[in-house]
Amino acid sequence: MRTALGMAVGLVLADSSVVVLALPEIYRDYNVSVSAVIWVLVAFNLVLAATAVPAAAIARRVGPARGAVAGLGVFTAASLACGLSGSLAVLVAARCVQAAGGALAAGAALELLPAEVGSERRAAIVWAAAGATGAAIGPAAGGLLTQLVSWQSIFLVQAPAALVVALAILPKARAEAGGAAIRAELRRTGRPHGAANLALGLVSAGLAAALFLLVLLLIEGWRNSPIEAALAVSVLPISALVTGRFAGAVADVRGRAIAGILLLAGGLAGLGVLPHASIPATFPSQVLLGAGLALVLSALTETALEGRAPQAIHGGWTLAARHAGVVLGLLVMTPVFTSDLTTQRAAAEQAGTAALLDAQISIPEKFSLAQRLADRLTAESGKVPVIAPAFDPLPSAPADRAGELALEADLQNQLDRAATHAFSASFLIAALFALAALLPIAFARRATL
Amino acid sequence: MSSRGLIVGSGAAAALLVLVSLALGGASYEPAGVGDPCQSRQWQPGSGLDHVAQQLSLSALDGAACELHVSRETLVISLASPQGRQAFASDPQLADSLRAGLIKAIDDAESSGDLPGLVAAGLREVVANLPADQLISTIRNAGGLLGQLGVDVPSLPNILGG
């Protein structure tokens, strides 16, 4: 049962990031803009944030096991609808329903966990860890499925997985009393932990950049395949899992939260000042981000839940804070990086033209190459172009051949620089979001955080 | 590990990552800037018609871009489209900027010793009387401009001392 509950939370929270690697495919399939396709992510997180607390209340009213099964049922049906959707509007609508079902399942799981793991504190740790693991693994899993099968398969695979988890909880739901006793307990609901939830929201705003922008940079900026990107970003969840095993050694949640925030801010700032365009260059930042994620999410979630009843309601508040933060991060950073992409596209065009004009190749070859490069730009319709085909075949004259090879390297360098720089400001803003999470912690009473 | 040790270690790791990235050039990892067309570019050493023609074209682009207060690259990008070429061919002011660029290029070639004075004077005369719609193709193919002097183009490297 404990595994099933952990899987329920992991599945739901993985969904907040699982489509990140699929977004480029989705916006190509539906022929929409980046600003439009971002709603596949935003809608899910927005609805999850808005429904987390009411869903937790509903779960307690109908009985947490019944709530978990019902939530997973809705999640399953909505996942199927996502996978079979024929338009962006239907996909976004199905994502909203999926989020509502997910909120019900995740809130109910937190209410069920204490009986399974022995204490509310332990339940909070398991619940937070399952969510963090799901969110961290989501992009890599989504990337693998997108390339090996299709982006639709992400949702079609989730549906039977959620169904299996629901079936595992079903016997408990059938045996559940529900009703009056739980309704009476609702009156004891205390105020949510303001500082911890506010910090969770700000940290999540920064994490949205880590999970979303990094993947876009790898696929759209540096033109890696979804599988390459999935493997590349797997450093982050590995770091989170390793750190998570040792995080409990430091009992002071305030220390863990501050350390985690510093690591997150450092990792995000590191991505904002990448010295060159290569996957290994992102690894140090990912290590810091994973470690920071494991430290800060567990510390803040434990704090938000400790000594507060009922757990499901306060767990709902943490879900609401986290996913509202993700929405905030996406809504602030998307216009920044789309604007920077346009600026850097123009800068790359100028730098590339300069490189072509100054290239050590003959005039006829220069004009022929310019035409082939222009054709590549047209064929890629505004995206970062793959320029290698324009240089194929290389000229037979040795001088022109050497000149073209040097030019190809120079043009690729300028494109890499432009693509990387286009994301810099957004990563730095994300780092500021993470650092801002220190403020509520600083102002919170020492006794509470 | 103590709470204080964890915070100090995390802060140090974060600062180290950012400082190393900056030291490796992270703050300036962006596309190369373009040069000021009004600043004379060095006339590249070399010989042969193709070399002289390339230098003439590049210098002409610089001169025209300087007249228009845009970068050389912006001018090239605008000349790449049919609409851009039409605008330059039909607007006398734009055409004059191209003509001024070509004259400057001939001056530069003469100063560098790549064009003899007599040839340079002849080319200036040709450029001054070129119809507006031929200025763009002349900048693109300065070798053709040399051919307009009425000499055998393949023999020009010899005439020019190449």
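Start in chain A, where helix 10 crosses helix 15 with a right-handed sense. This is a predicted model.

**First stop: helices 10 and 15.** Select residues 194-221 of chain A for helix 10, then 311-358 of chain A for helix 15. Their axes lie 7 Å apart and meet at an angle of about 45 degrees. Helix 10 of chain A is therefore oblique to helix 15 of chain A. Colour the contact between helix 10 and helix 15 of chain A by residue class: 17 are nonpolar, 7 polar and 1 charged.

**Second stop: helices 12 and 14.** Now select helix 12 of chain A, residues 235-247, together with helix 14 of chain A. Here the packing angle is about 40 degrees, and the axes are 7 Å apart. These two helices of chain A are therefore oblique to each other. Their crossing is right-handed. Show side chains at the contact. From helix 12 of chain A, pick residues including A:Val235, A:Ile238, A:Thr243 and A:Ala247. On the helix 14 side of chain A, the residues they meet include A:Phe283, A:Val287, A:Gly290 and A:Ser298. This contact of helix 12 with helix 14 of chain A has 13 nonpolar residues, 6 polar and no charged.

Bring chain B into view. Chain A puts 38 residues into the contact and chain B puts in 34. On chain A, helices 13 (253-272), 14 (279-305), 15, 16 (363-380) and 17 (398-436) each supply at least two residues to the side touching chain B. Which helix of chain A gives the most to that side? Select helix 13 of chain A: it gives the most, with 10 residues. The side of chain A that touches chain B divides into 22 nonpolar, 12 polar and 4 charged residues.

Terms used:
Residues numbered from 1 in each chain as written. Chains lettered and ligands numbered in written order. Predicted model: local features only at pLDDT ≥ 70, side-chain atom pairs only at ≥ 80, totals over all residues. Axes fitted to C-alpha atoms, helices over the stretch in contact; angles between N-to-C directions. Helix = DSSP H or I, 4+ residues; strand = E, 2+ residues; numbered from the N terminus. Parallel < 35°, antiparallel > 145°, perpendicular 65-115°, else oblique. Left-handed = near helix turned anticlockwise from the far one by under 90°. Nonpolar A, V, L, I, M, F, W, Y, C, P; charged D, E, K, R; others polar. Contact = placed C-beta atoms within 7 Å.
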